[in-house]
Amino acid sequence: MKKTILITGATDGIGLETAKMLLAQGHQVLLHGRNRSKLDEVQKSLGALSNDGQIEGYLADLSNLAEVDALADAIAEKHDKLDVLINNAGVFKVSETTTPDGLDVRFVVNTISPYRLTQRLSPLIGSKGRVVNLSSAAQAPVNLDALAGKARLSDMDAYAQSKLAITMWSFALAAKEGAPTIIAVNPGSLLGTKMVKQGFGTEGKDIGIGARIVCLAALDDDFSSASGQYFDNDIGQFSAPHPDALDAKKVSATVSAIEAVVARSTH
Ligand SMILES: NC(=O)c1ccc[n+]([C@@H]2O[C@H](COP(=O)([O-])OP(=O)(O)OC[C@H]3O[C@@H](n4cnc5c(N)ncnc54)[C@H](OP(=O)(O)O)[C@@H]3O)[C@@H](O)[C@H]2O)c1
């Protein structure tokens with residue numbers, strides 16, 4: 001059955017490859033990007049391979065929570081229902097690590113914006129829909145001061161903490177009544193995307209490894225009862241995430257810290 005699927009960060013890497021695969025399967029894909037000309041270019045090239053109305057493009061810089069809200073509004077204006085949200089957009093090494101609000105860009109783009117977007121789009125997704133959150137094998141204990149913009153971290157620490165934090169909130173939201181199926185997925189390590197080439201100086205592995213597992217997590221029956229779980233594509237199975245993601249107190253403290261940032265940034 002044809003599904004409507006929003007992919008954040010669909011202008012490059014795993015997100016773009018996932019979009020191509022889902023379009024080839026006949027689904028309607030809502031492409032999100034942060035750069036107008038890059039988004040237009042991707043929309044044009046993928047449009048040539050798809051049917052009328054199969055693609056829509058949405059622009060938003062996810063380092064700015066006001067733009068996350070505007071993105072959710074724009075989608076809700078055109079759609080009553082969203083079958084799948086894929087929170088794929090992510091950053092590792094950046095030239096400017098701090099947002100104008102004083103927050104670390106990695107926490108905002110990789111953790112807090114997807115949390116806000118998921119909450120804002122939940123009425124459209126409903127309990128029958130799915131949310132796929134891009135986690136990583138890199139997960140490190142979250143420094144809540146850093147998440148709140150009160151302490152600075154190295155690139156790797158910020159990235160790994162942001163990825164544990166998205167895994168933590170995936171589990172917390174999945175446990176709520178009426179929540180969609182929410183799955184955290186490590187797509188595979190060192191896949192050859194822009195992030196990996198620039199961040200680690202290596203060509204990396206086939207991006208398709210990541211895109212294929214994201215498509216399965218989004219649509220396959222094997223993942224339909226996997227809400228609140230972590231799939232580790234480095235080993236090809238569901239697995240235990242960092243122990244902090246299974247610690248109810250730590251998860252609750254992290255979610256409260258995320259909500260405090262959201263409240264501060266969106267009032
Ligand atoms: N590659 C790997 O081995 C690997 C391993 C584990 C997890 N992951 C995760 O997989 C996801 C995709 O990463 P990737 O490797 O495909 O990296 P990528 O090629 O750099 O793609 C990242 C995507 O996120 C978008 N993005 C970045 N900052 C943004 C912002 N402020 N607002 C909106 N969109 C923004 C990028 O937009 P532009 O096109 O404009 O740059 C791009 O579309 C990330 O969450 C990453 O952490 C990747």
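1. Ground rules. The model is predicted, so local features need pLDDT of at least 70 and side-chain atom pairs count only at pLDDT 80 or more, while totals for chains, interfaces and linings use all residues. Residues are numbered from 1 along each chain as its sequence is written, and side-chain values use heavy atoms, with hydrogens and water left out.

2. The shell. Start with the ligand.

3. Polar contacts. These are pairs of N or O atoms within 3.5 Å. Thr 11 places a polar side-chain atom 2.7 Å from an oxygen atom of the ligand. Lys 38 also has a polar side-chain atom 2.7 Å from a ligand oxygen atom. Met 195 takes part through its backbone: a polar atom there is 3.4 Å from an oxygen atom of the ligand. Taken alone, the ligand exposes 890 Å², and the protein buries 97% of that (areas by the Shrake-Rupley method with a 1.4 Å probe).

4. Who supplies the shell. Helices here are DSSP runs of H or I with at least four residues, and strands are E runs of at least two.

5. The largest pocket. The ligand takes up this space (more than half of its atoms lie within 2 Å of the grid points). A pocket is an open set of points on a 1 Å grid over the protein atoms alone, where a 1.4 Å probe fits, with protein on both sides within 12 Å along at least five of seven lines; lining residues have an atom within 4 Å of a point. The volume is about 1,100 Å³. Of the 48 lining residues, Ala 89, Gly 90, Val 91, Phe 92 and Met 195 are closest to the centre. H7 gives the most to the lining, with six residues. The lining divides into 21 nonpolar, 19 polar and eight charged residues.

6. The second largest pocket. What is its volume? About 220 Å³. It is lined by 15 residues, with Lys 3, Asp 83, Lys 128, Gly 129 and Arg 130 nearest the centre. Six are nonpolar, three polar and six charged.

Note on methods. A polar contact is a pair of N or O atoms within 3.5 Å; within protein, one must be able to donate a hydrogen and the other to accept it, and residues adjacent in sequence count only if both atoms are side-chain atoms. Grid points are joined across faces, edges and corners, and a volume is the space filled by probe spheres set on the points. Ala, Val, Leu, Ile, Met, Phe, Trp, Tyr, Cys and Pro count as nonpolar, Asp, Glu, Lys and Arg as charged, and the others, Gly among them, as polar.
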